[in-house]
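Q: Could you show me how to read this structure, one feature at a time?

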Amino acid sequence: MNCNTPSMISDQQGLPLSAAKRPHPPGITAMPGGRPVHVLLMDDDDAIRTLGKEALTMLGCRVTCADDGAQAVDAYRQAAAAGSRFDVVVLDLWVPDGMDGHMALQRLLKTDPDLKAIAWTGRPGEPELSEYLKLGFRAAIAKPCTMKELAEVITHVLNQ
């Protein structure tokens, strides 16, 4: 990981945290039966994807990553075919060189109309972020975010 890469994990004031300074976060409530929440995380940026996986793992989740929407759709379908499923899907809205979160969501909703998806973007204030419910997302979160915010949005979506 490049030291100059900004962290998507931040403190309460939104300041990026180094790995050494990250607080122990509140966990995400486990699924019924005590199994960990299984999250599919899609982001085209390697550093953000790595940090996102690290944050979600620290929150107690089991995480599968995808580089773009096409890879996320494939991972979701493969998991379903194997008798497994993702509890929540976090999709980057902007993927310049691949399938973005909007298109991936539409394909995933055809496979699973009850999909619990979260819009994830580094461009807060875009109309899509405020209109995420109309697009089929259950919630939205802007990057960078705190681990507490990430835990809260996932817990909110799981409890819907």
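Q: Is valine 39 buried or exposed, and why?
A: This is a predicted model. Buried means under 20% relative accessible area. Valine 39 has 0% relative accessibility, so it counts as buried. Its place is in strand β2.

Q: Which residues is valine 39 in contact with, leaving aside its neighbours within four places in sequence?
A: The list is Leu56, Cys61, Arg62, Val63, Thr64, Phe86, Val88 and Val90. Sequence distance and distance in space can also be set side by side. Valine 39 and aspartate 87 are 48 residues apart in sequence, yet their C-alpha atoms are 6.1 Å apart. For the protein, take contacts between residues at least 6 apart in sequence: 64% of them join residues at least 24 apart.

Q: How many helices and strands does the protein have?
A: Six helices and seven strands. From the N terminus on, they run β-β-α-β-α-β-α-β-α-α-β-β-α.

Q: In what order do the five strands of the open sheet come?
A: The order is β3-β2-β4-β5-β6, and the pairing is parallel. β3 (62-66) and β6 are at the edges, each with a single partner strand, so one side of each has no neighbour in the sheet. On average, neighbouring strands are turned by 20° against each other, direction ignored.

Q: How many bridges join β5 to β6?
A: Four bridges join these parallel strands. In one case, tryptophan 120 has isoleucine 141 in β6 as its bridge partner.

Q: Which helices pack on the sheet?
A: Helix α2 (residues 69-81) does, touching β2, β3 and β4. The direction of α2 makes about 160° with that of β2. Helix α6 packs on the sheet too, touching β4, β5 and β6. The direction of α6 makes about 170° with that of β6.

Q: Which face of β6 is covered, and which is uncovered?
A: Start with the general idea. In a regular strand, side chains alternate between the two faces of the sheet. Now the case here. Ala139 and Ile141 make the covered face of β6, while Ala140 and Ala142 make the uncovered one.

Q: What makes up the largest nonpolar core?
A: The general idea comes first. In soluble globular proteins, nonpolar side chains tend to be buried together. Here, the largest nonpolar core has 25 residues. Those with the most contacts inside this core are Ile28, Val37, Leu56, Val88, Ile118, Leu150 and Ile154. At least two core residues come from each of β2 (38-42), α1 (46-58), β4 (88-92), β5 (117-121), β6 (139-142) and α6 (147-158). The largest share, seven residues, comes from α6.

Q: What does isoleucine 28 touch, not counting residues up to four places away in sequence?
A: Isoleucine 28 touches Val37, Leu59, Cys61, Ala151, Ile154, Thr155 and Leu158. There is also a second, separate core of 21 residues, with Val73, Val89, Leu108 and Ala119 among them. Across the 160 residues of the protein, buried residues make up 44%.

Q: At what angle do α1 and α6 pack?
A: The angle is about 70°, and the axes are 10 Å apart. Angles of 65 to 115 degrees count as roughly perpendicular. α1 and α6 are therefore roughly perpendicular to each other.

Q: Which residues meet where α1 packs against α6?
A: Ala55, Leu56 and Met58 in α1 meet Met147, Leu150 and Ile154 in α6. By class, this contact has six nonpolar, no polar and no charged residues.

Q: Is arginine 49 buried or exposed, and why?
A: Arginine 49 lies in helix α1. Its relative accessibility is 10%, so arginine 49 counts as buried. Not counting residues up to four places away in sequence, arginine 49 touches Leu41, Asp43, Asp44, Cys65, Ala66 and Asp67.

Conventions
Residues are numbered from 1 along each chain as its sequence is written. This is a predicted model: local features need pLDDT of at least 70, side-chain atom pairs count only at pLDDT 80 or more; totals for chains, interfaces and linings use all residues. Side-chain values use heavy atoms; hydrogens and water are left out. A nonpolar core is a set of buried Ala, Val, Leu, Ile, Met, Phe, Trp, Tyr and Cys residues joined through side-chain atoms within 4.5 Å. Buried means under 20% relative accessible area, exposed over 50%, partly exposed in between (1.4 Å probe, protein chains only). Contact means heavy atoms within 4.5 Å. Axes are lines fitted to C-alpha atoms, for helices over the stretch in contact, and angles run from 0 to 180 degrees between N-to-C directions. Angles under 35 degrees count as roughly parallel, over 145 as roughly antiparallel, 65 to 115 as roughly perpendicular and the rest as oblique. Ala, Val, Leu, Ile, Met, Phe, Trp, Tyr, Cys and Pro count as nonpolar, Asp, Glu, Lys and Arg as charged, and the others, Gly among them, as polar. Two strands pair if DSSP finds at least two bridges between them.
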